[in-house]
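I set out to record what can be read from the coordinates of this structure. The entries follow in the order in which I looked things up.

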Amino acid sequence: MSSPTKGESPLRSEHDIVLARQQVRRLTQELKFSLVDQTKMVTAASELARNALIYGKGGAMHWEVLQGESRIGLKLLFADEGPGIPNMDLAMTDGWTSGNGLGMGLTGAKRLVNEFEIDSKVNGGTRVTITRWK
Amino acid sequence: MEKIPILRMGEFLLVTIQIDMHDQLALKLQDDLSNAIQKNATKGVLIDISSLEMVDSFIGRMVADISGMGRILGAETILVGMQPAVAITLVELGLSLPGVATALNVERGMALLRRKIDADGADVVAH
């Protein structure tokens, strides 16, 4: 009867980034997030999905609907098996990029959500978890 | 092959982005548009993003690049129709698109383009 509360989407190609965005849009709509909150979460997901693909050489987005006592939220985990981030302070600096990007992905995504956690090991992949509460 | 159409309207080019673009498609648009600006000796470009529900740093950079590249090729670019939720998100993300002219809708964007181009013409005469 009720929709599933967790799932995952692969991040193996550029098209998967589009699909991940659409998945997050659907989920935030189902949870009746405001339009601005939907857009923030979709945009954060797009940045992190691209990071997982470009820098992490692919991975997956895991999603989970959180049912708190008085609130409801959406948690997204972006996991890749890539080279990891050797210098986290640098990676979390606005405008810094190890590739060709603008360097706004990680820091920008962090500003768009309520909770942000990053865990990375050199040669052990990167896991970024974000949560936005309604 | 997927493609974003570029319409010629007199001396202007109009691009209406109506689909959720993947990154290569955005890059292809940037390429196609620079070629079209040169081929048509275009003075102004309008990019209508009123159907876009999200602009992330990749698309934001594409828009800024098109605007900068257009200027070098002699064309003014105006971004029109950004949804309020997209604008709020973009600023919070850290992209305020400096140097990119914007307008509320295509009509106002067109009027702004005409004014900019007329002003440029006047400058040339004055010198």
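**Notebook: loops, folds and the contact between chains**

Entry 1. I began with Leu97(B), which I located in the loop between H3 and strand E5 (101-103) of chain B. The model is predicted, and I read every value below with that in mind. I looked up the backbone of Leu97(B) and found phi near 50°, a positive value in a residue other than glycine.

Entry 2. I placed Lys32(A) in the loop between helix H1 (14-30) and H2 of chain A. Lys32(A) counts as exposed, because I find 10 C-beta neighbours inside 10 Å, and the limit for that class is 12 or fewer.

Entry 3. I noted the overall fold of chain B. I count four helices and five strands in its secondary structure, and from the N terminus on the elements run β-β-α-β-α-β-α-β-α. The radius of gyration of chain B is 14 Å, close to the 14 Å given by the globule rule for 127 residues, so chain B is as compact as a globular protein of that length. Along the principal axes, the C-alpha trace of chain B spans about 40 × 35 × 25 Å. I also looked up burial: 35% of the 127 residues of chain B count as buried. Among contacts in chain B with a separation of 6 or more, 78% are accounted for by residues 24 or more positions apart.

Entry 4. I repeated these look-ups for chain A. Chain A has four helices and five strands, and its elements run β-α-α-β-β-α-α-β-β from the N terminus on. For 134 residues a compact globule would have a radius of gyration near 14 Å, and the 14 Å of chain A agrees. The C-alpha atoms of chain A fill a box of roughly 45 × 25 × 25 Å along the principal axes. Buried residues make up 39% of the 134 residues in chain A. Residues 24 or more positions apart account for 62% of the contacts in chain A with a separation of 6 or more.

Entry 5. I examined one residue inside chain A, Leu76(A), which is found in strand E3 (residues 72-80). Leu76(A) counts as buried because 25 C-beta neighbours lie inside 10 Å. Which residues does Leu76(A) touch, not counting residues up to four places away in sequence? I find Val24(A), Ala45(A), Met61(A), Trp63(A) and Ile130(A). I also took the distance from Leu76(A) to Asn114(A): the two are 38 residues apart in sequence and 12 Å apart in space, C-alpha to C-alpha.

Entry 6. I looked next at H2(B). This helix has 16 residues and reaches 22 Å from its first C-alpha to its last, close to the 22 Å expected at 1.5 Å a residue. The buried residues of H2(B) include Phe58(B), Ile59(B), Met62(B), Val63(B) and Ile66(B). I asked what the buried residues of H2(B) pack against. In chain A the partners are helix H2 (35-54) and helix H4 (105-111), and in chain B they are H1, strand E3 (44-48), strand E4 (76-80) and H3. Just after H2(B), Gly74(B) takes a positive phi of about 90°.

Entry 7. I followed the packing of H1(B) on H2(B). Their axes lie 10 Å apart and the helices pack at an angle of about 10°, which means that H1(B) is roughly parallel to H2(B). On the H1(B) side I list Asp23(B), Ala26(B), Gln30(B), Leu33(B), Ser34(B) and Ile37(B); residues met in H2(B) include Asp65(B), Met69(B) and Gly70(B). By class, this contact has eight nonpolar, three polar and two charged residues.

Technical notes: Residues numbered from 1 in each chain as written. Chains lettered and ligands numbered in written order. Predicted model: local features only at pLDDT ≥ 70, side-chain atom pairs only at ≥ 80, totals over all residues. Helix = DSSP H or I, 4+ residues; strand = E, 2+ residues; numbered from the N terminus. Expected span 1.5 Å × (residues − 1). Buried ≥ 20, exposed ≤ 12 C-beta atoms within 10 Å, placed from the backbone. Contact = placed C-beta atoms within 7 Å. Rg over C-alpha atoms; globule rule 2.2 N^0.38 Å. Axes fitted to C-alpha atoms, helices over the stretch in contact; angles between N-to-C directions. Parallel < 35°, antiparallel > 145°, perpendicular 65-115°, else oblique. Nonpolar A, V, L, I, M, F, W, Y, C, P; charged D, E, K, R; others polar.
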